[in-house]
Amino acid sequence: MESDDEYLMLSGIQHYQFCKRQWALIHIEQQWEENVKTIQGQHVHEKVDMPFIKEQRGNQLIVRAMPVKSESLKISGICDVVEFMKDEAGVQIHGADGTYLACPVEYKRGKPKWNDADLLQLTAQAICLEEMLLCSIPRGYLFYHEIRRRIEIPFTLEMRDRVKRIVEEMYALYVQRNTPKVKTGSYCQSCSLQSICLPEVMSKKTVKSYIEGKIRE
């Protein structure tokens with residue numbers, strides 16, 4: 001049995017889509033720094049991130065901060081909310097009567113993004129849930145705090161294939177311990193790692209080796 005330590009973080013898919021270098025700095029070089037947006041994001045998740053809290057609303061069972069993983073993709077993470085709707089076509093849920101259809105719901109701080117990062121992250125959650133529950137999940141929802149509404153996301157074959165390709169790319173970089181070179185853009189202004197990305201030296205060394213050199217000085 002493989003250890004969960006060998007699994008990549010599901011949340012890294014979003015980092016990878018935003019910037020491959022940002023993902024590597026966080027997940028390979030273990031670099032992190034808070035900014036206003038990351039703190040706001042934590043505030044949005046305060047209500048939903050209550051591990052193993054279940055709430056029954058009529059025919060609906062709501063599970064918050066549900067741990068999930070995929071053995072085929074070797075990723076693991078946490079679903080903000082999984083809504084289980086009672087349905088004869090559903091699957092059995094431990095500790096609950098009847099059968100249910102699962103639907104993941106991810107909460108985001110801002111508004112819909114210019115890329116597909118949020119959609120891919122949610123699709124990865126669905127893949128994990130399908131493996132764990134032995135079921136099919138056709139759709140999920142993204143709730144954006146800034147616009148105060150949820151958006152339905154269909155889990156298409158194309159999105160599922162993209163998730164698999166992206167995770168394969170992430171693993172290749174992770175195994176090689178390879179931090180990609182920076183590709184600057186307007187998105188750099190909103191990156192929480194601006195002060196440690198160090199694009200002026202990244203072509204020569206890793207951030208970790210740069211910092212260690214500064215400490216020795």
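K86 stands opposite Y100 in strand β5. The model is predicted; local features need pLDDT of at least 70 and side-chain atom pairs count only at pLDDT 80 or more, while totals for chains, interfaces and linings use all residues. Residues are numbered from 1 along each chain as its sequence is written, and side-chain values use heavy atoms, with hydrogens and water left out.

Strands are DSSP runs of E of at least two residues, numbered from the N terminus, and two strands pair if DSSP finds at least two bridges between them. Strand β4 spans residues 75-92 and β5 spans residues 99-108. The pairing of β4 with β5 is antiparallel and runs over eight bridges. Six residues lie between the strands in the β4 and β5 hairpin, where G95 takes a positive phi near 85°.

Strand β4 also pairs with β3 (residues 60-70), in the antiparallel sense and over 10 bridges. Within β4, E83 is the bridge partner of I62. The hairpin of β3 and β4 has four residues between the strands, and K74 takes a positive phi near 60° there. A parallel pairing is found between β4 and β1 (residues 8-9), over two bridges. Here S76 in β4 is the bridge partner of M9.

Two aromatic pairs are present in the structure. Rings of Phe, Tyr and Trp (for Trp, the six-membered ring) pair if their centres lie within 6.5 Å; planes under 30 degrees apart count as stacked, over 60 as edge-to-face and the rest as tilted. The pair of Y16 and W23 is edge-to-face because the ring planes stand at 85°, with the centres 5.5 Å apart. Y16 and W23 are both buried, where buried means under 20% relative accessible area, exposed over 50% and partly exposed in between, with a 1.4 Å probe and protein chains only. Y107 and F143 form a tilted aromatic pair, with 5.2 Å centre to centre and 45° between the planes. This pair links distant parts of the chain, with Y107 in β5 and F143 in strand β6 (residues 139-144), 36 residues apart. Y107 and F143 are likewise both buried.

Charged side chains also sit over rings, a contact assigned if NZ of Lys or CZ of Arg is within 6 Å of the ring centre and within 35 degrees of the ring normal. The charged end of K69 sits over the ring of Y7, 5.4 Å from the ring centre. For R177, the charged end sits over the ring of Y174, at 4.3 Å from the centre.
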